[in-house]
Amino acid sequence: MLPRKRFVEAEVEDEVADAGLRKKTRSDCLISSASRAAAAEEGNHSGSANGMDMECDANGSNPPEIDEDLHSRQLAVYGRETMRRLFASNVLISGLNGLGAEIAKNLVLAGVKSVTLHDEGNVDMWDLSSNFFFSEGDVGENRALACVQKLQELNNAVIISTLTETLSKEHLSNFQAVVFTDISLEKAIEYDDYCRSQLPPIAFIKSEVRGLFGSVFCDFGPDFTVFDVDGEEPHTGIIASISNDNPALVSCVDDERLEFQDGDLVVFSEVHGMTELNDGKPRKVKNARPYSFTLEEDTTQFGAYTKGGIVTQVKQPKVLQFKSLRDALRDPGDFLLSDFSKFDRPPLLHLAFQALDKFRHDLGRFPVAGSEDDVQKLIALGVHINESLGDGKLEQIDKKLLHHFSHGSRAILNPMAAMFGGIVGQEVVKACSGKFHPLFQFFYFDSVESLPTEPLEPSDLKPMNCRYDAQISVFGSKLQKKLEEAKIFMVGSGALGCEFLKNLALMGVCCSQKGKLTITDDDVIEKSNLSRQFLFRDWNIGQAKSTVAASAAMAINPALHIEALQNRASPETENVFDDAFWESLDAVINALDNVTARMYIDSRCLYFQKPLLESGTLGAKCNTQMVIPHLTENYGASRDPPEKQAPMCTVHSFPHNIDHCLTWARSEFEGLLEKTPNEVNTFLSNPSAYASAMKSAGDAQARDLLERVLECLDRDRCETFQDCISWARLKFEDYFSNRVKQLTFTFPEDSATSTGAPFWSAPKRFPRPLQFSSSDPSHLHFVMAAAILRAETFGIPIPDWAKNPKKLADAVDAVIVPDFLPKTGVKIVTDEKATSLSAASIDDAAVINDLIAKLEECAKKLPPGFRMNPIQFEKDDDTNYHMDFIAGLANMRARNYSIPEVDKLKAKFIAGRIIPAIATSTAMATGLVCLELYKVLAGGHKLEDYRNTFANLALPLFSMAEPVPPKTIKHRDMSWTVWDRWIIKGDLTLRELLRWLEDRGLNAYSISCGTSLLYNSMFPRHKDRMDKKVVDVAKEVAKVEVPPYRRHLDVVVACEDDEDNDIDIPLISIYSP
């Protein structure tokens, strides 16, 4: 969503370089102030190959800025240039069925310039199962007109208009991309031919959802340039050596594996010795290995490599020649495959969709659900079309599949619309921007395994004149009743949660008094949420997500029976989400954004044996995982490897990339502005208790804390804003000059390691101190941000002149900066395995006592009731100077080490650990999960019916596979998996529990409850407990009381079989009578 800003349009002539033609276009330019210079350089050529013209306001007034607070997550995926192209794009969506509504929603959230909605038809009851903009009151109204108001609420900056008359080819000339969701092939071919004939061509997309079947066709013209095929950052490597050979061998440091592939083009920089490679000329990679590659270059006559060097991938544009729809129907080429178990399905669906088009052309209607006559007519049409294909015809036609296709062909199911709305929305973004590789050119998909396992009777598919008729025509009324009566727990109501709530409301899940949807989220709505979390509006900022989302979902379907909570699902809230709550559930849907919470919910689902539907997104990527009791492994069974973290010494003294600088900057921010002020307040709240705690600790950490607190209240205490400026100026000197001088004094440029190797060899970079200059805007901005934040911690008012560069420069220049002399004997940690940089503990109680005495004296001089104001880092407020300070810290440090600097937005992504996110991948993930929910609630499905998915809309790639079954453990005639929990009813003694296990050939040698050991065969005194009740031993030893909401006690038992082999047995739950 964009802020409410006026659009200034300009009619300009733009040179279309590749075509050598001139074309008048109407366009705006929305450019961030931080990148106007770059935009001026890029504007007229960056998108010209595809006619993506980027003109600014011809009157010369300032163009509106991208609202980075609002669009930060989307900017992290697309970047400013793509966003600017989007903001200049006009899109037509023809057909406002459920699919059209989903596409429109995703594009309006993305922030295109305008969306025109075309539909000549009126809303009917069937539309209510897939279009979330419609209510029963809209039945009989024009579809396009009924969508406008609610669609406009999503983003006031997008111009939304309607067309309700018959569409002509001339209408299409106003758009960069046109999308059709319900159009005959005859008309589609006519429109596609027209779009291709335009200069530049208009991108044409045709997509349909028919029951559990869907299709997409893309034609972006005869020559479409993709500027960035995958959206990934260019790969880099730090050079260790380059040979004088033909071809040359380039070896890189083993800090990180190289991601280059054969054929990649790379450029070199900062190479010493073999300086010929620094000419900026792209060179081709061959024989790529994890830490080396050969170069298609003869370096025998080049200078000898001595040290240094960075190698960087050069991303090349790619030109695609799309076929017209007319040609592609006859010769479709390779289909984009999503499920390798259905590799023969796309050609059949290519035929089926053509047969359905002919059926509708001949009979003027869709096949009727349950009509065998219509099925046979459709099959006959399919066979006839197939026969006309000559050599390209199919050997065999799966008539059972065409049965399913025919029965559901009129229905647009919400999960299918959500999935395809995500895919098509992303294709429109590609068409308008050249960012990411387009779908080339047909994609077909089906989810027939979502159908109930029992055959459906024709009578079960008949409409009931209700909002779920479309869904009933596919799944039958029995499953519809199960959906309505389901009891679901959804954890999270952010981006995924909003999509899920919309889907569930349209599907009718939990939409009866017998059903119930419980949602929980402890978060509140922030501005940055509004670009994806479409159930929220700007007036909801600050309100609870779950409550607002629940109200919005009930507006979509008033029958939804929902309870919204603000509890974090965790061990601390098991009195809220108690055993009775978990046991009542039919399924759990995760809509979470962190692994810790996912692991906890996974453990609860395992314990109570409940299905868990898991999903997640990262930029254009998404994944779904089905966790089904006894059929699949659980979420926690497989884990991604932990992210590699830079060693502490690298971050603190030897950074070699901007990430290291930003990690250090974030750490310094928190230490200076949050942790130290908190520590000061802890001391001032109770000085004697604080002193006692420090004395009892008596270690280096205690000494370090005391030194920080004393420094803050004594030497560095600020009483005026000028004090804050002095502090900030001296911090600059300390960080970017003195520390570097000390480091290079301790380790001069010609230093060697104990083995004789150069100390400053890759990946280490030799630093240079900075000379402060108030005429350098970046230096001055750092001091301003630091001083303002320092003043905030001391409660000092910030004068107006603080933000006036000249007055600030005068104040900074008045600061007296003492000379610095490096010291000998300073210890600088160089051990990469060190995890802490605390000084070695001297355990000197006298030093701590001295510091406490000074601190107590210092406290007497403070005003009564003095407290500091700790600052908690908040990345999403561009007015608070947090990111200005962090970006300043990082960039000045980068300047020390000759590392490329970044702008504030890029710094925010890295330091703020912002997860890239867009609406399209979220929509696709939730659509896929809801296709699985049909299976879960219907029951009776086998493992091979379920699907886990990984998708990357940027490539595009869709990879679906059966879930992995759980590991089975066998013992004698028993077998169990992670899903099993052994339940024993009765108030057993320890002896009786051991005997119960012995009867099953299991010799228990240890029994524990929580973290306490109830019994171990090695401890003689434990034999005294043998005749005590297990529950009583737990009370006595583990101090565990069975809570009132639970009727049992859980114990973990370690066992061996008769051959002394360890056997992992399930958790044992002892239920007391």
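Mentor: The protein chain is split into domain 1 (236-314), domain 2 (478-640 + 929-952), domain 3 (656-898) and domain 4 (968-1071), with bounds that come from an automatic or database domain assignment. Taken over C-alpha atoms, the centres of domain 3 and domain 4 are 54 Å apart. A word on the ground rules: this is a predicted model, where local features need pLDDT of at least 70, side-chain atom pairs count only at pLDDT 80 or more, and totals for chains, interfaces and linings use all residues. Residues are numbered from 1 along each chain as its sequence is written, and side-chain values use heavy atoms, with hydrogens and water left out.

Now for the helix. H17 covers residues 648-653 (helices are DSSP runs of H or I, at least four residues; strands are runs of E, at least two; both are numbered from the N terminus). Cys649 sits in H17, and an unreviewed UniProt entry marks Cys649 with the feature "active site"; such annotations may be inferred rather than shown by experiment. Cys649 counts as buried because its relative accessible area is 2% (buried is under 20%, exposed over 50%, partly exposed in between, with a 1.4 Å probe and protein chains only).

Leaving aside residues up to four places away in sequence, Ser653 touches Leu743, Ile828, Arg893 and Tyr897, where contact means heavy atoms within 4.5 Å.
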